Amino acid sequence: MDIKFTNRLSYKQAKLTVLVGFMLGTLLSVVQIGIDYASEDASINRELQTVLQISHDTASRIAYNIDAELGEELTGGLLRSPAIIRARLIDNNDTVLADSQRPREERRFRAVSDFLFGEQRQFQDRLFLAQMPDEYLGTLYLDVDTYAFSSRFLDRAGLTLLTGFTRSLLLTGLLLALFYLMLTKPLVTVISALSSGRQTRLNCPSGHERDEIGVLVKVANGQFVSMATEIEQRRNAENRLTQYLNELEDIVSARTEALKASHDRLSHTNHELEQARGRALDMAHARAAFLANMSHEIRTPLNGLLGMIGLTLDSALNPEQHQQLSIAHDSGKVLVGLLNDILDLSKFDAGQLQLETIGFDVATMVEDTASLLSQNAAASVELTCLIAPQMPATVLGDPTRVRQVLSNLLSNALKFTRFGRVDVRLVPIVGGVQVQVCDTGIGISDDAQARIFQPFIQAGAGITRQYGGTGLGLALARNLCSAMRGRLHVQSQVGFGSTFTADLPLLGNGRAIEWPPLCGRVHALSRAGSGLSELLQTQLPSWGLHYQRHDSPQSLDNEAMDLLITDDLEALEQLRPALSTPILLISAYGRFLSVEHARQLAPLHQLGRPLARGTLHETLRRALQGALPSAMAGQATGPLESQGAQILLVEDNPVNQLVAKGMLAKLGYRVQVAGNGAEALERLETQPFDLVLMDCNMPVMDGYEATRLIRQRARWPGLPVVALTANAMPEERERCRAAGMDDYLAKPFRREQLQALIERWLPLSD
Ligand code: ADP
């Protein structure tokens, strides 16, 4: 440890002390010199006064006697004093009796002496004799050189300052030594011991046990002890930590080994699982492919079977035969449904479900589906499609899957509802559309609501027995909704009905369908709570029609309306002949009035439930233009009126040919069959036809090409061509329309649908 000398405490202490001591000493010396100066200054005057007193008598007598010689002796004697440099004796006549002087000596420090005491001083003494004190005899003048006195003073002052300095120096040395011995040395010893770093205990320098250094050493030793204890504790903790770490390392490596082993096992199992999954997927794919093929293969003969049984059911049968065939027909329908569900579920399992994203008219799709399923509605159930007027014309999504969801929900609703209403509501919601199927059926208990979405689960034990079904429909519907990133949920109360809601993210183009505006006064005779009332209330005003509803026929006024819409068969009888307004009767399919009956009530037109907006709009347009009454009357008579109408059925499948032909014949139409488009064109060349039912996919020439050629040749203007297709996709409709076809009927179709379609076109073709 090396501290610079000037930085040492002893030096600083000594320097300070000496500086203070030196300044004090100097001050004291200056004071002492000052006092000495004052006394020296006084002593000059005192001494010279003494000389003058001694010389007074002698000088007075010399002046009295006017003895110049003696005067010279006196002044010469006075000059012998080292301080006096001139002595003059003047008598009372100012005559100089004696004047002795000598030059001033130039000496060292003369200037200092002159400054302090003056260059010279003059003293004078008036001379008189003691016996004649009043008689002035003359004056003795003495000029004094102060140097004789000041040299003594200067010597003393120099000595005083010198001794002062010497004392200070000695004191400095002494103090330095003392401080060094007392402070610096023991401190340096302690610091060296501390800085060596090896000490665990300091020795107190001897003689310092009780002073500050002793205390410092004691405190440092105390710190050493506590540091040593702490270090010991830390070392112990470190050792324990190291030990734990080692143990942990052992555990980790053991675990790693175990994990590695289980990872290897898992990888192996995963690999096996992957292979098994691959095999399972392959199998599922194979199964799905098999099912798809099989379902197609089974469906085709099944359709034929069902069609034929349907036709036979309409013929004259005895009750037993009718019942047997009905059971066969129902079983066939269940089989088709089951086939479809199993096929779809197997597609889910095989991960084969691929969703399309195409633009389609969801509202029309809902109406078509409802119309297709309407035959399942019980007699006292009113099926209604309530489409919000602001629904976008097209939305983006997968129409097939949306149709499947709706079919499942709607067929359930119709199956479990014996009376009341079944409504399909379609409204736009934020980010998509909401399809809601509400019924007033048997309802579902709370605990069953949680289970019914699982495959093969039904709400109650007696359901299969009473209503049939497999428990697959809702599982499929929910799977489909999830696959479309939508949500399906149910609200229900036993005995009060159920509401199934599917929120589907089908984004719309924002624009609703723009219907050509209608003009007229349309009144309705229907219950306030009926689906028809609700539908007309929302739809008709949005088309620009004046609409009013009546509860009873009494309030109807012939003059106030252009058209009456009603679903009240009983009230209908009371209306004619008092009421002459055209009537539009809405009834369930298969419950149309007979031709005879309709003719009695003419002008009357019948439309089947559920009402589609397009059909309703078109019918209203014609009715309000006045074109309807006669046409409607004719139309209402349906098959009988148009008997003799020639229909060309273009269809390659013999079974389908048979079914359609049978239905058409049953409806009273004359039918010619062509096996493909080319054949159809040949037939058209040779024979007049009122309507063409055109299958789309056929060998030789398909339906699209055939229709295009029909339109190009312009030989049959206004000939209605209606597509028959198994493809229910909206783009298929578009394709048909682009080829020049007027309408579209999805296979498999029912006789009522075929009838309604032909009725729509045949009067126009007249
Ligand atoms: P399925 O109808 O073939 O039995 P689903 O999966 O479609 O199978 O329905 C499962 C069960 O949910 C039905 O068996 C029935 O108990 C109940 N359920 C579904 N929809 C309704 C409804 N609208 N009203 C009452 N119960 C219903």
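# Close-up views of a predicted model

Figure 1. Five strands, paired in parallel, make up an open sheet in the order 18-17-19-20-21. The edges are taken by strand 18 (670–674) and strand 21 (743–746); each has a single partner strand, so one side of each remains without a neighbour in the sheet. From one strand to the next, the twist averages 20 degrees. This view, like those that follow, shows a predicted model.

**Figure 2. Strand 17, strand 19 and the helices packed on the sheet.** Strand 17 (residues 646–650) and strand 19 (residues 691–695) run parallel and are joined by four bridges. Opposite Leu648 stands Val692 of strand 19. Helix 17 (residues 654–667) lies across strand 17, strand 18 and strand 19, and runs at about 165 degrees to strand 18. Helix 19 (residues 703–713) also packs on the sheet, where it touches strand 19 and strand 20 (721–725). The direction of helix 19 makes about 150 degrees with that of strand 19.

Figure 3. Another set of five strands forms an open sheet in the order 6-8-9-11-10, and here the pairing is mixed. Strand 6 (380–387) and strand 10 (487–493) are the edge strands, each pairing on one side only. The twist in this sheet averages 10 degrees from one strand to the next.

Figure 4. Strand 8 (residues 419–429) and strand 9 (residues 432–439) run antiparallel, with eight bridges joining them. Val424 has Val437 as its bridge partner in strand 9. Helix 7 lies across strand 6 and strand 8, at about 170 degrees to strand 6. Helix 12 (residues 531–542) packs on the sheet as well, touching strand 6 and strand 8. Its direction makes about 15 degrees with that of strand 6.

Figure 5. The side chains of Arg613 and Glu367 meet in a salt bridge, with an N to O distance of 2.9 Å. Arg613 belongs to helix 15 (residues 613–625) and Glu367 to helix 7 (residues 362–373); the pair links distant parts of the chain, 246 residues apart. Arg613 and Glu367 are both buried.

Figure 6. Side chains of opposite charge can pair when their charged atoms come close. Arg156 and Asp36 form a salt bridge through their side chains (2.6 Å, N to O). Arg156 is found in helix 4 (residues 147–196) and Asp36 in helix 1, so the pair ties together parts that lie 120 residues apart in sequence. With a relative accessible area of 31%, Arg156 is partly exposed. Asp36 has 18% relative accessibility and counts as buried, because buried means under 20%. Both residues take part in a network of salt bridges that links Asp36, Glu40, Arg152 and Arg156. For the model, the count of salt bridges comes to 27.

Figure 7. Glu230 forms a salt bridge with Arg234, and their closest N and O atoms are 3.3 Å apart. Both residues lie in helix 5 (residues 212–314), four residues apart, which is about one turn of the helix. Glu230 is partly exposed, at 41% relative accessible area. Arg234 has a relative accessibility of 56%; this residue counts as exposed because the cut-off for exposed is over 50%.

**Figure 8. A nonpolar patch on the surface.** Leu19, Val20, Met23, Leu24, Leu27, Val31 and Ile35 form a nonpolar patch on the surface. Together these residues have about 710 Å² of accessible area. One of them, Leu27, is placed in helix 1 (residues 9–65). Leu27 is exposed, its relative accessible area being 56%.

**Figure 9. Buried residues of helix 11 and the residue that follows.** Helix 11 (residues 473–483) contains the buried residues Gly473, Leu474, Ala475, Leu476, Ala477, Leu480 and Cys481. After helix 11 comes Arg485, which has a positive phi, near 65 degrees.

Conventions
Residues are numbered from 1 along each chain as its sequence is written. This is a predicted model: local features need pLDDT of at least 70, side-chain atom pairs count only at pLDDT 80 or more; totals for chains, interfaces and linings use all residues. Side-chain values use heavy atoms; hydrogens and water are left out. Patches are made of residues with over 30% relative accessible area and no salt bridge: like charges are joined within 9 Å, nonpolar side chains (Val, Leu, Ile, Met, Phe, Trp, Tyr) within 5 Å. Accessible areas come from the Shrake-Rupley method with a 1.4 Å probe; for residues, only the protein chains shown count as cover. A salt bridge is a side-chain nitrogen of Lys or Arg within 4 Å of a carboxyl oxygen of Asp or Glu. Helices (H or I, at least four residues) and strands (E, at least two) are DSSP runs, numbered from the N terminus. Buried means under 20% relative accessible area, exposed over 50%, partly exposed in between (1.4 Å probe, protein chains only). Two strands pair if DSSP finds at least two bridges between them. Axes are lines fitted to C-alpha atoms, for helices over the stretch in contact, and angles run from 0 to 180 degrees between N-to-C directions. Contact means heavy atoms within 4.5 Å.
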